[in-house]
Amino acid sequence: DVYKRQSKDKVGFKHRRTKLRYYSHDLVKQWQLEIAPSFLDAEIDNVSFFNGRIMVVSSRPIKEGEGLELYYHFINNTGEMNGNHLLTRFNANRSDREKSFIVQSASKGVFAVVMNEVKGNDEQTVHFASFSSDMNLLNNGTIDIPWGPKQYENRTFSVSEKGDLALLGNQSEKLRSPKKKVFNYLYVAAAGDSVITSNKILPNRNVKGIGIAFNNFRDKLVLAGMHTDNRSTTGAAVFYGLFDFRSEKEPAMVSTLIEARYNQKLRGERNRNTGIGLANYNLERIIVLNDGGAVIVSEGSFTNEYSYYDYFTNTYTQTIEYVFGNIVIMAIAPDGTIIWSNIVEKMQVSVNDEGSLSSFSHLLNSEEMVVFFNTDISRRNKVVYTTVDKLGELSKPQLLPTLDGLLLVPRSGRQVSATGYVIPVYNRKKVFLAKIEF
């Protein structure tokens with residue numbers, strides 16, 4: 001139920017063409033069609049899968065007055081399209097906005113359509129509306145951000161089964177030195193409540209990774225992540241909180257120090273001599289548990305930038321190195337204490353590619369989590385997988401020999417069943433779809 005902003009998709013490109021291909025469970029292509037917007041003066045904002053059907057959302061300016069209208073139509077599994085229906089209206093400027101996007105709840109039975117509007121250099125507005133599976137409106141409104149895009153960025157969105165929307169963003173302030181100080185802000189728009197709550201999360205701590213997810217079993221919002229803490233012998237701590245956003249004014253956070261006995265295990269042998277410390281871990285996913293606890297999944301990563309002078313061209317060349325390290329998996333109790341922790345060791349290094357083939361994919365079912373990733377960002381690559389069970393026991397890494405020489409695109413895959421995963425793969429310069437069964 002969490003949506004992470006990867007890049008800002010601006011409006012425009014009216015002549016951009018969108019094609020849709022539909023595959024069977026065995027990845028046999030069933031049909032292909034070109035998708036058109038709802039009207040001639042409209043643009044396609046997004047295509048998603050909701051309630052067993054493909055949903056296409058388009059936007060167009062309101063002819064009389066200011067703002068935008070968002071329309072939707074469904075495409076079934078045979079490629080047939082139904083009529084256009086009005087989804088919602090946003091009082092937003094067409095030229096200063098990003099495309100709308102869809103955030104779905106954990107059960108995929110509720111979704112929110114969200115759009116960010118930039119209002120000059122010092123203000124932004126997030127427009128949103130959430131809907132049930134039968135397309136009834138559950139919640140709508142706006143969230144006003146008192147900073148421009150250079151000082152603030154929306155990072156993570158989450159929607160509950162009741163249509164509540166949570167937004168986590170980063171606001172940065174320049175210091176006298178070249179460094180920036182970053183603050184994390186949480187906004188929650190509860191369904192049926194016109195008041196938007198706003199909280200600065202751990203303002204006195206150097207937060208390195210933070211995430212949100214709704215606990216629909218308890219009707220609360222989970223906040224979790226890591227931050228630096230000099231009181232810890234490792235210099236890091238885990239924080240966790242269950243936010244009763246319907247009654248509390250601000251979330252109560254519990255911080256648990258990561259002591260020396262965790263340090264060697266969490267860093268691992270591969271990262272011991274690198275720049276990856278516990279403070280370099282970014283939270284990738286929060287798995288909510290019925291009892292109020294959670295399992296948090298984090299990954300260590302950083303970048304190195306360096307340049308050199310090319311005497312042949314008489315120019316400087318800049319290189320960015322992307323390093324992705326270990327995966328840390330922790331089970332957190334409702335009171336914030338660490339129940340168990342384990343680590344999947346890896347080291348991936350690439351240059352000038354934004355780390356697109358690094359990181360990992362994971363499959364989750366009621367018994368275990370399967371983690372798999374590329375071991376070598378080259379044609380010599382081998383794909384490795386390992387499992388973590390309910391008690392935190394880690395299996396011995398194993399190879400997926402059918403994928404030897406292929407490169408996964410880890411952050412573009414999707415789980416399609418309890419044991420199945422579909423993911424794009426590179427074979428030399430060609431892209432294919434692969435289905436993996438565990």
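So, which strands do 10 bridges join, and do they run parallel or antiparallel? They join β13 to β14, residues 180–189, and the two run antiparallel. Before I go on, a word on what we're looking at. This is a predicted model, where local features need pLDDT of at least 70 and side-chain atom pairs count only at pLDDT 80 or more, while totals for chains, interfaces and linings use all residues. Residues are numbered from 1 along each chain as its sequence is written, and side-chain values use heavy atoms, with hydrogens and water left out.

Okay, the overall picture. The protein chain has 1 helix and 32 strands; those are DSSP runs, H or I of at least four residues for helices and E of at least two for strands, numbered from the N terminus. Of its 438 residues, 48% are buried. Buried here is under 20% relative accessible area, exposed is over 50%, and partly exposed is in between, with a 1.4 Å probe and protein chains only. If you take the contacts with a separation of 6 or more, 47% of them come from residues 24 or more positions apart, a contact being heavy atoms within 4.5 Å. The accessible surface is about 22400 Å², and carbon and sulfur atoms hold 48% of it. Those areas come from the Shrake-Rupley method with a 1.4 Å probe, and for residues only the protein chains shown count as cover.

Back to β13. It has β14 on its list of partners, and β12 as well: 7 bridges join β12 to β13, again antiparallel. Strands count as paired if DSSP finds at least two bridges between them. To put residues on that, Val 159 stands opposite Leu 165 in β13, and Glu 173 has Lys 181 in β14 as its bridge partner. β12 and β13 make a hairpin with 5 residues between them, and Gly 163 in that turn has a positive phi of about 95°. Why call β13 largely enclosed by the rest of the structure? Because 7 of its 10 residues are buried.

By salt bridge I mean a side-chain nitrogen of Lys or Arg within 4 Å of a carboxyl oxygen of Asp or Glu. The general idea is that side chains of opposite charge can pair when their charged atoms come close. The structure holds 12 of these salt bridges. Lys 162 pairs with Asp 219 at 3.5 Å, N to O. That links distant parts of the chain: Lys 162 is in the loop between β12 (152–159) and β13 (165–174), Asp 219 is in the loop between β16 (206–215) and β17 (220–228), and they are 57 residues apart. Both are partly exposed, Lys 162 at 48% relative accessibility and Asp 219 at 25%.

Asp 219 has a salt bridge to Arg 246 too, with the closest N and O atoms 2.7 Å apart. Arg 246 lies in the loop between β18 (236–243) and β19 (254–257), and Asp 219 in the loop between β16 and β17, so this pair ties together parts that are 27 residues apart in sequence. Arg 246 is partly exposed at 34%.

Elsewhere, Asp 376 and Arg 380 meet in a salt bridge at 3.6 Å, N to O. Asp 376 is partly exposed at 26%, whereas Arg 380 is exposed at 64%. And salt bridges that share partners join Asp 41, Arg 60, Glu 69 and Arg 89 into one network.

Now β21, residues 294–310, where Ser 301 sits. Is Ser 301 buried or exposed? It counts as buried, because its relative accessibility is 18%. Its side chain makes a polar contact with the side chain of Asn 282 at 3.0 Å. A polar contact is a pair of N or O atoms within 3.5 Å; within protein, one must be able to donate a hydrogen and the other to accept it, and residues adjacent in sequence count only if both atoms are side-chain atoms.

Tyr 309, Tyr 311 and Tyr 316 make a nonpolar surface patch of about 430 Å². Patches take residues with over 30% relative accessible area and no salt bridge, joining like charges within 9 Å and nonpolar side chains (Val, Leu, Ile, Met, Phe, Trp, Tyr) within 5 Å.

Leu 27, in the loop between β2 (18–23) and β3 (29–35), has a positive phi near 65° without being glycine. Arg 428, in the loop between β31 (420–427) and β32 (430–437), has a positive phi too, near 60°. Leu 27 is partly exposed at 24%, and Arg 428 is exposed at 60%.
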